Amino acid sequence: LTITFTVAGTYTVRLYLGGSSTCGSTFTETTICVNPTPTASFTVDNTIGCLPLNVATTNNSNSATCGTNTALWSVTYANPTACAPNSSAFTVTSGSLSSLAPVFQFSNPGNYTVQLIAIAPNNACSSIPFTQTVTVKSPPNVSIQVPATVCSGQNISLTQIVNNCYSTNPSPTYAWTINGGTPGSSSLANPGQILMNTAGTQTIMLSVTNECGTNTQSSNQVVNPLPTANAGVDIHMCSGDTRTIGSANVPGMTHSWVGLAGAPTSPLSVFNSTNISNPSVTLTNNSSSPITYTYEVTVTETSTGCSKKDQVDVTVYPLPTASISGATTICNGGNATLTFTGTPGATVAYTNGPSPTITLDAAGNATVNITGLTSSTTYTLTSVTSNATLPIPNCTKALSGNATITVRPVPSASI
């Protein structure tokens, strides 16, 4: 005999035996309790919150007609944002996974699916699973990235990766601290260009805050010092001279020279070499005014790649000029005048004069009176030297001009 019960309740099943008029009959009976199929249901007091998150359950599953249903709880974990630590972490702080209404504590961020299956007495049947999802938030995950090394005076760009870890506030707050940098702090997520002027190992920190708290990460930024660049002191020189610029060589450094704004770089091999710290320059100036050339050296430290520039000005002064005139013919014992013209203030050296030199006036002129000359004489220029005030140099130029005064005898007459 197979009996199917479709309605929960308590049933009495009786079996009759016999039934003849002679012997009569008897029966036996049994009571059968038919429980309703369990229906699992529960609520939680927190579906989202910051870790550690305590969650109490309230079991709303239906009850058995006879006996007591039992509970089977389980928890599964998912972390789609990969917020660290990326692992399930929970404990049952009250009851157990077979208690009617346990209390959970969740310690790591992520989505926890709490499942309940209600089981009828004697494991007769069970409910379909019923679930609730609990989201556990945490302070942000923070990482920052800085260049391995930079040179003092360079700009760096700071980058960050922030996981807001299920925060319901999409905009956490940022607080940068950049030791040795300008600016030294920022409240922007991306602070832009930071000038690193202070050599050494500088600490860069980023604190990010959401409703669950603050996480701070730091990184060391190595700022290498700049080498010393010395193009030398400014030079004043005469046209055609050779001078040395730069400074003594320092081991571990390379030097690269350029002439700015058309400054001559002859010989080019010197300026194209990275091994010359103090090249020589030979410069000419055929104009009438001083010319200043600027040379720039870039000194690079080979171990760090850091470089620094320095400049030196070389002012080239034109050579002074002078000429002589006054060639004439005079009678024996007569007088003549030599005229000198040239660079104002210059000293002219010549031969056969009353004195070996003569200084030109502010207009660049001078005269020498020759008196009582009894023989023809050639006056030859040998050099001219400028008379300058330091730092302007006194420049000298060799000369070869001349003027001849021819002497004729005085004619005589007789009768």
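A: Let's start with lysine 137, which forms a salt bridge with glutamate 211; their closest N and O atoms are 3.0 Å apart. A salt bridge here is a side-chain nitrogen of Lys or Arg within 4 Å of a carboxyl oxygen of Asp or Glu. Lysine 137 belongs to strand β10 (residues 130-137), while glutamate 211 sits in the loop between β19 (200-210) and β20 (213-224), so this pair ties together parts that are 74 residues apart in sequence. Strands are DSSP runs of E with at least two residues, numbered from the N terminus.

Please keep in mind that this is a predicted model, in which local features need pLDDT of at least 70 and side-chain atom pairs count only at pLDDT 80 or more, while totals for chains, interfaces and linings use all residues. Residues are numbered from 1 along each chain as its sequence is written, and side-chain values use heavy atoms, leaving out hydrogens and water.

How well covered are the two partners? Lysine 137 counts as buried, at 9% relative accessibility, whereas glutamate 211 is partly exposed at 36%. The cut-offs are under 20% relative accessible area for buried and over 50% for exposed, with partly exposed in between (1.4 Å probe, protein chains only).

For two strands to pair, DSSP must find at least two bridges between them. Strand β15 (residues 173-178) runs antiparallel to β19, and six bridges join the two.

Another of them joins lysine 309 to glutamate 296, with the closest N and O atoms 3.8 Å apart. Lysine 309 lies in strand β26 (residues 307-317) and glutamate 296 in strand β25 (residues 291-301), so here the parts tied together are 13 residues apart in sequence. Lysine 309 is exposed, with a relative accessible area of 52%, but glutamate 296 is buried at 14%.

Aspartate 241 and arginine 243 also meet through their side chains in a salt bridge, at 3.6 Å from N to O. Aspartate 241 is partly exposed, with a relative accessible area of 24%, and arginine 243 is partly exposed too, at 32%.

Conventions
Helix = DSSP H or I, 4+ residues; strand = E, 2+ residues; numbered from the N terminus.
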